[in-house]
Structures are given as structure tokens and as C-alpha cells.
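Welcome to my notebook. Here I jot down what I looked up, one entry at a time.

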Amino acid sequence: MVNHFLNLNEIDPKNLKAILDDAGKIKKAAHGDAVLNENYSNCLDNTITGLLFEKPSTRTRLSFEVAVLKLGGTISNIRKDEIHLGQGETLQDTSSMFSIFLDILVLRLYEEEKLYEFARTSKIPIINGLTNESHPCQVLADIFTFQEIRGDITGKKVVWLGVANNVLQSFLHAAVALKFNIVFSGPTKFQPSEKMLEYIQNHYPNIFTIEPNPIVAVEDADLVVTDKWVSMHDNQLPKSDLNNLANYRVTKKLLSFSKSEVLFMHCLPADRGQEVAQDIFGDERCVALQEAENRMHVQKSILRWCLGLL
């Protein structure tokens, strides 16, 4: 059986916790634990990880490339404009070729269905590096970061502000698996999709609420999260939408209504001054850079899990 890492709701919570635990050991090794580092430094020796990205990326590409190299593996960057996919060759045939020459494949795509088409025909593990519907690697890194600082996320309150997007969907998957609470706060137009709401309703409805008042939403929050209001390649929003969303901008004043020990996360890139105030990134409650570094450590463990090394 191939260990694909496609979405968090498809992975047993025990395996998610094993990945998180392994990531903690990997980070200790990276920060100077010589004994641990000896165990990890060459564990991907003689493996080739392919990266095929339809969407541009800074953190996902760098964190995966560095993760593979630091574990002793090799990277093959596959450019869509340099292969025959969509230019006379089917996705199924392309996937078969990848299965022959690679050991694992990271995909960053627009359409989630294409991710699953690759997985259905692949004989090697596929990792979801982002689609328009989900971003599981990011959210698992966010959870790792929270637990690294504050301990177990079970039972904690996570507040999402602004626009319900692919990252929020992965947070909902994680909330069901790891039993923490999610509050969405944003304009009605940007509330979670029917697919997101149906998933929660069918699995664990008590963990999710919608609170239109951002001040009420962040009360007693353990973690506040936001993301860009306009994703890459999407059309700009009209001024009326931006004015409505401005009520959900993350500011120091808004965070003051949360717990004193609240953490703030943003997966980056950020549109500073829009979904988040400029001065938040100098605030001690903001852990966006730690979150970004942890992408690498968690993805090392995801790679190891996919290859049966946990």
C-alpha cells in the first residue's frame, strides 16, 4: 500500500501524531543533537523526490527542497512547460513515468481532482503541496508550531479571521482528527463552503462555530490565524468587499481581546496592511517565521512517513 499524503482527513490521527512527534526529534537534530542527527542525516539516501508545481511558491518549494537535501536525498524540479503533460500525453501516462523514475512526488496544483488522478495511477507516494481546496502540509506545520510553544492542541480554541479558503479547510480536517475547536469570523460572503460545512456536520459538528463579530470570536482564543484575502491568480476584490473584510483585519487591538498568551499565525505571503496590520509581525505573539521554519521539519517527517521510515 502506498502512503499518499493528500488530505489530513484521510490519515489516521495516530499517524498524524507520529509525524508530529518525529518532527520534534528532527528539529532537535537540526539544532545540534548529534545523536539524533546521525539517525536522520542520510535516511533519504539514494531517493529522488520530484517537485511539480503549477502554482508559484516560496516557502513550499524551499522547505521541501531543503528538507530532502538535509535528509540525504536528491531533488528533481519538474517544470510543467518542459514535460508533455497536457501536450499530447495523458496525466495517467505522465504519472506512470514519474513512478518509474522517482521515489516520491510533491504536487502543487490548482485542481484537487488532478491531485487525486495522480494518486490513483501512481505507484509512488504523492504529497499534496497545495491545491485550491487544501493545504495539509501548512496546517500540520501550524499545529506542530503551536504544540512546540503551548503544548497539546486538543481542546484549544483556534480562530480563523477573514476569508474561508483552502488552508481553513485543512484546519477543519485537523480539528476533527486532533479534537480542537475552530471559530470562523468573517463576512457572510466569505464564509466556509457547503463542502466544508458538510464535512464538519458529518464528523464533529460541536467543534465548529461561526461568529460574525471578530471581537467576540477572539475571546479566550489560544490561536488566531488569517491568510490573504485574495489568493494568487484570483481577481482583485471590489472595494465594498475589502471594506467589509477590513473589520476582520488582525491588529494588536483585536488580539488584546484574546488570552494574554494567544499566538498569531499567518502562512505567508502576507498583504501587510490588508488582512493583517504591519506592526503585528514585530509582536511577540506572532510566530509566522517559526511557523515557516517548521514547514521544513514537519515535511521531513511527512517524507519519512510516506516512504515507510516511521
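**Handedness, before anything else.** I call a helix crossing right-handed if the near helix is turned clockwise from the far one by less than a right angle, and left-handed if the turn is anticlockwise. I also remind myself that this is a predicted model.

**Entry: α1 and α12.** I began with helix α1, residues 13-30, and helix α12, residues 288-306. Their axes are 8 Å apart, and the packing angle is about 115°. By the rule above, α1 passes α12 in a right-handed crossing. I then listed who touches whom. From α1 the contact takes N15, I19, D22, A23, I26, K27 and A30, while α12 brings Q290, E293, N294, H297, V298, K300, S301, I302, R304 and W305. Sorted by class, the residues of this contact are seven nonpolar, five polar and five charged.

**Entry: α1 and α6.** Next I looked at α1 with helix α6, which covers residues 136-150. Here the axes come within 11 Å and cross at roughly 65°. This crossing is right-handed too. On the α1 side I noted L16, I19, L20, A23, G24 and K27; they meet L140, I143, F144, Q147 and E148 of α6. The class count for this contact is seven nonpolar, two polar and two charged residues.

**Entry: a sheet.** In what order do the four strands of the open sheet run? I read the order as β2-β1-β3-β4, and the pairing is parallel. From one strand to the next, the twist averages 20°. I zoomed in on β1 (residues 48-53) and β3 (residues 104-108), which pair over five bridges in the parallel sense. One bridge I wrote down joins L52 to its partner L107 in β3. A reminder to myself: strands of a sheet pair through backbone hydrogen bonds.

**Entry: cysteines.** How many disulfides does a search of the whole structure find? The search finds zero. I wanted to see why for two of the cysteines, keeping in mind that a disulfide needs sulfur atoms within 2.5 Å. For C286, the closest cysteine sulfur belongs to C267 and is 12 Å away, so it is too far for a bond. For C306, the closest one is in C137 at 8.4 Å, which is also too far for a bond.

Entry: Which peptide bond did I mark as cis? It is the one from L268 to P269, with omega near 5°. P269 sits in the loop between β9 (263-266) and α12, and L268 lies in the loop between β9 and α12 as well. L268 also has a positive phi of about 65°, although it is not a glycine. I count L268 as buried because its relative accessibility is 18%, and buried means under 20%.

A positive phi turned up at D220 too, about 60°, and D220 is not a glycine either. I found D220 in the loop between α9 (214-217) and β8 (223-226). Is D220 buried or exposed? I noted D220 as exposed, because its relative accessible area is 52% and exposed means over 50%.

Notes: Residues are numbered from 1 along each chain as its sequence is written. This is a predicted model: local features need pLDDT of at least 70, side-chain atom pairs count only at pLDDT 80 or more; totals for chains, interfaces and linings use all residues. Side-chain values use heavy atoms; hydrogens and water are left out. Two strands pair if DSSP finds at least two bridges between them. Helices (H or I, at least four residues) and strands (E, at least two) are DSSP runs, numbered from the N terminus. Axes are lines fitted to C-alpha atoms, for helices over the stretch in contact, and angles run from 0 to 180 degrees between N-to-C directions. Contact means heavy atoms within 4.5 Å. Ala, Val, Leu, Ile, Met, Phe, Trp, Tyr, Cys and Pro count as nonpolar, Asp, Glu, Lys and Arg as charged, and the others, Gly among them, as polar. Buried means under 20% relative accessible area, exposed over 50%, partly exposed in between (1.4 Å probe, protein chains only).
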